[in-house]
Amino acid sequence: MTDVLQRICATTAEEVAQRKKTCPAAELEAAIAAAAPPRGFARALAAKVEAGGYGLIAEIKQASPSAGLIRPDFNPAELAKSYAAGGAACLSVLTEGPNFQGHPDHLRAARAAVDLPVLRKDFMVDPWQIGEARAMGADAILLILAALDDTLAAEMEAAAFDLGMDVLAEVHDLGELERALSVLKTPLIGINNRNLKTLKTDLAVTEALAPLVPAERDLVAESGLHAPADLARMAAVGARRFLIGESLMRQPDPGAAAGALLAEPLPEGAAGGL
Ligand SMILES: O=C(O)c1ccccc1NCC(=O)[C@H](O)[C@H](O)COP(=O)(O)O
């Protein structure tokens, strides 16, 4: 694990331990039972792709370790509405506090404002967080292979599926991709273009790994996507699903910016990705 990821995961594990102490199992179970039913996250992405377009997971994040404060006028409900109007298939909402200035209330507010499925974007290090995610209304969770051993990753995926949620498995290199493909069943394989040591992004990461993702899995290109040409570049190697945060969050009207990206035609002969 890189230093940055290790630090974030260690802080998260401490915070989770505290929350577990103040939330008895029966209370969490009751909150899960009271949560609105999951919206199909993978299904919403597939519908956009099957209709001949791109499946956009539009991210709502206020800040990040690489960029610092990204959006001072931060209103998750308004951002969610803007993204929905711009044609996003799904939302990703940061709930991690210390590094991203996220909060579970951001997810709740965003999800209540629209009918899009929502990914809880956080650092999942403890199976307890899966129930917590569902209790706050999440429709999908992120599993970062770099932060989990195989046993824990499989356990957390099974727990998410049991609660009706989808799973986005995130990889950064060949080793993590091979682990994800052998250990996890989720169709959604995210290739993150961000190097977690340098925090720099490089679209060549997806270009190198995309051909190794089997056709029955759904490749999601993540991070560092700014311009229509970036989407065309990713589509050329079979990615039709994208997770985009910072470049949209920096725009005065993120939904309009998302719409402009989604209007980019698929490149001639774009490979698979359905
Ligand atoms: O963004 C960071 O600085 C970062 C640092 C450490 C771990 C994860 C980090 N980012 C999470 C993400 O991968 C992005 O939020 C997501 O893929 C969207 O990327 P972008 O469009 O570049 O904001």
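The shell around the ligand is made up of seven nonpolar, eight polar and five charged residues; here Ala, Val, Leu, Ile, Met, Phe, Trp, Tyr, Cys and Pro count as nonpolar, Asp, Glu, Lys and Arg as charged, and the others, Gly among them, as polar. The model is predicted: local features need pLDDT of at least 70, side-chain atom pairs count only at pLDDT 80 or more, and totals for chains, interfaces and linings use all residues. Residue numbers start from 1 along each chain as its sequence is written.

**Ligand shell**

- Ser-64, Ser-66, Ser-223, Gly-245 and Glu-246 come nearest among the 20 residues around the ligand; a residue is near a molecule if its C-beta atom, placed from the backbone, lies within 6 Å of it.
- Two or more residues of the shell come from each of β10 (241-244) and α11 (246-249); helices (H or I, at least four residues) and strands (E, at least two) are DSSP runs, numbered from the N terminus.

**Phe-123**

- Phe-123 lies in the loop between β5 (118-121) and α6 (128-135).
- Phe-123 counts as buried because it has 24 C-beta neighbours inside 10 Å; the cut-offs are 20 or more other C-beta atoms within 10 Å for buried, 12 or fewer for exposed, and partly exposed in between, with C-beta atoms placed from the backbone.
- Leaving out residues up to four places away in sequence, Phe-123 touches Ile-8, Cys-9, Thr-12, Glu-96, Ile-144 and Ala-147; contact means C-beta atoms, placed from the backbone, within 7 Å.
- Ala-13 is 110 residues from Phe-123 in sequence, yet their C-alpha atoms are 8.9 Å apart.

**Helices α4 and α12**

- Helix α4 (residues 76-85) packs against helix α12 (residues 254-262) at about 25°, with the axes 7 Å apart; axes are lines fitted to C-alpha atoms, for helices over the stretch in contact, and angles run from 0 to 180 degrees between N-to-C directions.
- α4 and α12 are therefore roughly parallel; angles under 35 degrees count as roughly parallel, over 145 as roughly antiparallel, 65 to 115 as roughly perpendicular and the rest as oblique.
- Leu-79, Ser-82, Tyr-83 and Ala-85 of α4 meet Pro-254, Gly-255 and Ala-258 of α12.
- The residues of this contact are five nonpolar, two polar and no charged.

**Helices α2 and α6**

- Helix α2 (residues 25-34) and α6 pack at about 40°, their axes 8 Å apart, and are therefore oblique to each other.
- Leu-28, Ala-31 and Ile-32 of α2 make the contact with Gly-131, Glu-132, Arg-134 and Ala-135 of α6.
- This contact has four nonpolar, one polar and two charged residues.

Note on methods. Contact = placed C-beta atoms within 7 Å.
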